[in-house]
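Dear colleague,

Please find below the structure that I am handing over to you. My notes on it follow directly after it.

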Amino acid sequence: MHAPLQHGISGSESEGADSIVVSGGYEDDEDFGDLIVYTGAGGRDPATGAQVADQELTRQNLALARSSTDGLPVRVVRGAGGDPARAPASGYRYDGLYAVTSYWHERGRSGHMVCRYELRKLRPDGSIAPAPTAARPTSPPRRATTTTERIVRITEVARRVKALHGNTCQVCGAAVSTPAGPYVEASHIRPLGRPHNGPDAEANVLSLCPNDHVRFDTGGIVVHDDHRIEDTASGATVGRLRTVPGHSIDPAHLAYHRERFGP
């Protein structure tokens, strides 16, 4: 479940993290069960465990941030040294998959800057469990409260499509830069699940920046079979969909999308 014997974060900067251990190793950790506010690695005195230096967004810390930007789940293992209300009585226990919903820097209890991560438990259907009402993370406000819990679609198909396009948008060509590396989103042309029943296949996925993802999902733009992009409000052609070898798009899915939002 967790390969390293000494590190709390397992993974690499390029591939993201695959598991973490929550066992009371850092004074700033907060464990609310379905929500964990986790502290990154580094900056501790090896003899006393006290935080004596700032942490940097490198190595394992960058790996966990990469899991956030790429939408990759991580395995959570709790150890006996963690919060007594949630830790096992002895040894270690695997507690399922969590989504890394955000990350940031803040000054910790010791006065040093630490990397912080919000992790939320994934339900069996892939949705994110709501945060417990008693949870009060110490992170700065980052979003308005909402009762909608999105379904997390984490697939190798989405990762491959984004990689084929070099993590750039097929509509505008933009590459969104983040501290964890380039960021782009995978958009299913014909949505997954009922009532649309689109396939989780490369031919049904586009690589889009956040702005164009919203425009596409809400019908602000549609793509024709010749890859011409139309602004639905004005009817004007605003560009052509960028394509690359190895990624073919099924015209039937484009037609389905146009029918959803067309006249």
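Is His-165 buried or exposed? The model is a predicted one, and in it His-165 is buried, because its relative accessible area is 8%, under the 20% that marks a buried residue. The residue sits in the loop that runs between α2 (156-164) and β8 (176-178).

The surroundings of His-165 deserve a description of their own. Leaving aside neighbours within four places in sequence, His-165 is in contact with Gln-170, Ser-207, Arg-242, Thr-243, Val-244 and His-247. With two of these residues there are polar contacts between side chains: the one to His-247 is 2.8 Å, and the one to Gln-170 is 3.5 Å. Arg-242 is 77 residues from His-165 in sequence, yet their C-alpha atoms are 8.8 Å apart in space.

A further loop residue to look at is Gln-55, which is placed between β4 (35-39) and α1 (59-70). Gln-55 counts as buried, because its relative accessibility is 5%. Its side chain reaches two backbone atoms: the oxygen of Gly-42, at 3.1 Å, and the nitrogen of Cys-115, at 2.9 Å. Residues up to four places away in sequence not being counted, Gln-55 touches Tyr-26, Thr-39, Gly-40, Ala-41, Gly-42, Asn-61, His-105, Met-113, Val-114 and Cys-115.

I turn next to the nonpolar interior. In soluble globular proteins, nonpolar side chains tend to be buried together. In this model the largest nonpolar core has 19 residues, and those with the most contacts inside it are Ile-20, Ile-36, Tyr-38, Leu-64, Val-74, Tyr-117 and Leu-119. Two or more residues of this core come from each of β2 (16-22), β4, α1, β5 (73-79), β6 and β7 (113-121). Helix α1 supplies the largest share, with four residues. To take one member, Ile-20 is in contact with His-2, Gly-8, Ile-9, Tyr-38, Leu-64, Arg-75, Val-76, Val-77 and Leu-119, its neighbours within four places in sequence being left aside. There is also a second, separate core of 13 residues, which includes Val-171, Ile-189, Leu-208 and Val-223.

Met-1, Tyr-94 and Leu-97 form a nonpolar patch on the surface, and together they have about 290 Å² of accessible area. Of these, Leu-97 belongs to strand β6 (residues 92-107). Leu-97 counts as partly exposed, because its relative accessibility is 35%.

The charged residues are the last topic. Side chains of opposite charge can pair when their charged atoms come close. The structure holds 14 salt bridges, and the following are examples.

Arg-159 forms a salt bridge with Glu-15, with 3.3 Å between the closest N and O atoms. Since Arg-159 lies in helix α2 and Glu-15 in the loop between β1 (9-12) and β2, this pair ties together parts that are 144 residues apart in sequence. Both partners are partly exposed: Arg-159 has a relative accessible area of 26%, and Glu-15 has a relative accessibility of 47%.

Arg-159 also forms a salt bridge with Glu-156, where the closest N and O atoms are 3.7 Å apart. Here both residues lie in helix α2, three residues apart, which is about one turn of the helix. Glu-156 is exposed, because its relative accessible area is 58%.

Where do the partners Arg-116 and Glu-30 lie in the chain? Arg-116 forms a salt bridge with Glu-30, its closest N and O atoms being 2.8 Å apart. This pair links distant parts of the chain, with Arg-116 in strand β7 and Glu-30 in strand β3 (residues 30-31), 86 residues apart. Arg-116 is buried, with a relative accessible area of 1%, and Glu-30 also counts as buried, at 14% relative accessibility.

Finally, salt bridges link Asp-31, Arg-78, Arg-93 and Asp-95 in a network.

With kind regards

Definitions and conventions: Residues numbered from 1 in each chain as written. Predicted model: local features only at pLDDT ≥ 70, side-chain atom pairs only at ≥ 80, totals over all residues. Heavy atoms only, no water. Patch = residues over 30% accessible without salt bridge, like charges linked within 9 Å, V, L, I, M, F, W, Y side chains within 5 Å. Areas by Shrake-Rupley, 256 points an atom, 1.4 Å probe, with all protein chains shown as cover. Salt bridge = Lys/Arg side-chain N within 4 Å of Asp/Glu carboxyl O. Buried < 20%, exposed > 50% of the residue type's maximum accessible area, 1.4 Å probe, protein only. Polar contact = N/O pair within 3.5 Å; in protein donor to acceptor, adjacent residues only side chain to side chain. Contact = heavy atoms within 4.5 Å. Core = buried A, V, L, I, M, F, W, Y, C linked by side-chain atoms within 4.5 Å.
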